[in-house]
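Here's a quick briefing to keep beside the viewer. Have a look at the structure first, then work through the points by topic.

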Amino acid sequence: MQSLGGIRSWPATWRTTTASMTTTTTESVRKVAQVLTVAGSDSGAGAGIQADIKVCAARGVYCASVITAVTAQNTRGVQSVHLLPPDSVSEQLKSVLSDFEVDVVKTGMLPSPEIVEVLLQNLSEYPVRGRVALVVDPVMVSTSGHVLAGSSILSIFRERLLPLADIITPNVKEASALLGGVRIQTVAEMRSAAKSLHQMGPRFVLVKGGDLPDSSDSVDVYFDGNEFHELHSPRIATRNTHGTGCTLASCIAAELAKGSNMLSAVKVAKRFVDTALNYSKDIVIGGGMQGPFDHFLSLKDPQSYRQSTFKPDDLFLYAVTDSRMNKKWNRSIVDAVKAAIEGGATIIQLREKEAETREFLEEAKSCVDICRSNGVCLLINDRIDIAIACDADGVHVGQSDMPVDLVRSLLGPDKIIGVSCKTQEQAHQAWKDGADYIGSGGVFPTNTKANNRTIGLDGLREVCKASKLPVVAIGGIGISNAESVMRIGEPNLKGVAVVSALFDQECVLSQAKKLHKTLTESKREH
Ligand SMILES: Nc1ncnc2c1ncn2[C@@H]1O[C@H](COP(=O)(O)OP(=O)(O)OP(=O)(O)O)[C@@H](O)[C@H]1O
Ligand SMILES: Cc1ncc(CO)c(N)n1
Ligand SMILES: [Mg+2]
């Protein structure tokens, strides 16, 4: 198989040629993998064009769309189907194929022989970029039993479209229809159907077994003309399987567009469908028998959204946990966090250098619940993986941890990122990289952090002056000296972060209350 380009990025000199001149620019260009889906619109957005675009986006591939039909569909079934005129389909195809560098064309609902004809015509006029380029999902009947493409398309499919296809992905009913109605009720019959379909000309065949009766596994049969592969996954008990077929085919197309070989693309796609079904097995969208699922693995219960978005004033009394201190005082992280919040902490950071990952994750999840129900943000020190896994509000990183811009790209735009800065240069960089706040210190000598240079109140003032970001002071701060810190009077110094002053104490609650009082008084005075 010829390999495809995939995502290419080259920073080298780029030459653009126009009719009148040649310019040389050193700007880098980033080519992206591109799929074109030719399919029907599903108003319920679980299948069809809408699914295809979501899958490609989820897989990091651009997806252009040519609409062949507009269906009125929901989770109860298909209410109507409106075919677009073949001329309109043809215009859409020309627009995309004449302009975009399409790597892979994926077809879904092709509801009439005339529409297949204009597709074939355009594919011959505008060869696509990759030569492994055509994924045909021969959509015919919806799971609810509605005909999306009738028997009139069978002969043009068999004779002209399938021979051009790199892969076809029929479900058992579609495989049966293409083969003139043969019985397909077992994996053995799926294998024999795959073989017969291969003789119609596609390079690879995947017969999907989502609708195979009485199977505890969901089995798909792949045939490359030589060898069979059975792809098994446990059948997921869910009503949300609408659009699995479109999703599988689009994911195959997306992986091919990135340069994958066919078998790897199919395996990734199967795993993607499986993961998405599992993630969304209990979501409720619509009142009918077959619901859509979540291609981005990110739909959430409205209750679970972050209660409070970050405000600079949240840095006022910033509590940072420490496992050694909790051990020493024989309390859990969860109890420490509860007491700190009750005493007035306005933001929490879990800084657990010694905890085992599994244990830390469980504790972090409990802390997220506590913080969220109190409207207090929870950050994780350094461990981006834990922050993602427990859906914390953000992370705090040091200068030798993962760079802030990379953290931002991993966590997305709405998570909080704080970064420790000792110098003006670091403060400038924090702003450029998209941090939300700066932690600056150690202001005073501290035992909590070994080999940590003390910057003093002067150093803190410099960092504040160098940045537009809100700053929280850290290092050796407690009830006795918090006021002297706040007195430096820089407008972006929003509060103090404390470790020992709260957690290396017998009673976290009373220390938090005292510190909160001190800070409130010093705020009133300045
Ligand atoms: N309940 C399930 N659990 C796990 N995998 C499933 C389940 N249902 C379908 N699949 C998988 O989803 C993919 C699509 O298969 P299916 O046979 O349902 O296609 P389809 O009928 O064309 O889909 P649709 O018409 O609903 O879009 C296959 O890889 C199949 O194994
Ligand atoms: C538009 C459209 N395409 C494909 C399918 C198959 O799931 C569907 N239900 N609707
Ligand atoms: Mg199905």
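Predicted model: local features only at pLDDT ≥ 70, side-chain atom pairs only at ≥ 80, totals over all residues.

Start with the inside: the largest nonpolar core has 80 residues, and V35, V104, V207, I252 and A253 touch the most other members. Helix 7 (residues 244-257) puts in the largest share of this core, nine residues.

**The chain as a whole**

- The protein chain carries 18 helices and 21 strands.
- Its C-alpha atoms fill a box of roughly 85 × 65 × 40 Å along the principal axes.
- Of its 526 residues, 46% count as buried.
- Among contacts with a separation of 6 or more, 66% link residues 24 or more positions apart.

- Nine strands make up an open sheet, running 7-6-5-8-9-10-11-12-13, with mixed pairing.
- Which strands stand at the edges? They are strand 7 (77-83) and strand 13 (228-234); each has a single partner strand, so one side of each is left without a neighbour in the sheet.
- Within this sheet, strand 9 (residues 134-136) pairs with strand 10 (residues 167-168) in the parallel sense, over two bridges.
- If you want to find that pairing on screen, look for V136, whose bridge partner in strand 10 is I168.
- Helix 2 (residues 86-97) packs on the sheet and touches strand 5 and strand 6, with its direction at about 155 degrees to that of strand 6.
- Helix 7 packs on the sheet as well, touching strand 5, strand 8 (104-107), strand 9 and strand 10. The direction of helix 7 makes about 175 degrees with that of strand 8.

**The barrel**

- Eight strands close into a barrel with parallel pairing, in the order 14-15-16-17-18-19-20-21.
- On average, neighbouring strands here are turned by 25 degrees against each other, direction ignored.
- Strand 14 (residues 317-320) and strand 15 (residues 347-350) run parallel and are joined by three bridges.
- In that pair, V320 stands opposite Q349 of strand 15.
- Helix 11 (residues 357-374) packs on this sheet, where it touches strand 15 and strand 16 (377-381). Its direction is at about 155 degrees to that of strand 16.

**Around ligand 2**

- The shell around ligand 2 has 15 residues, and G40, D42, A47, G48 and S142 come nearest.
- By type, the shell around ligand 2 splits into six nonpolar, eight polar and one charged.
- Strand 5 (34-42), strand 6 (62-74) and helix 7 each supply at least two residues of this shell.
- Strand 5 gives the most, with three residues.

**One loop residue: V182**

- V182 sits in the loop between helix 5 (172-178) and helix 6 (187-198).
- Why does V182 count as partly exposed? It has 13 C-beta neighbours inside 10 Å, whereas a residue needs 20 or more to be buried and 12 or fewer to be exposed.
- Leaving aside neighbours within four places in sequence, V182 is in contact with S176 and A193.
- V172 is ten residues away along the chain, and its C-alpha atom is 9.9 Å from that of V182.

Note on methods. Residues numbered from 1 in each chain as written. Chains lettered and ligands numbered in written order. Core = buried A, V, L, I, M, F, W, Y, C linked by C-beta atoms within 7 Å. Helix = DSSP H or I, 4+ residues; strand = E, 2+ residues; numbered from the N terminus. Near = placed C-beta within 6 Å. Nonpolar A, V, L, I, M, F, W, Y, C, P; charged D, E, K, R; others polar. Contact = placed C-beta atoms within 7 Å. Pairing = 2+ DSSP bridges. Axes fitted to C-alpha atoms, helices over the stretch in contact; angles between N-to-C directions.
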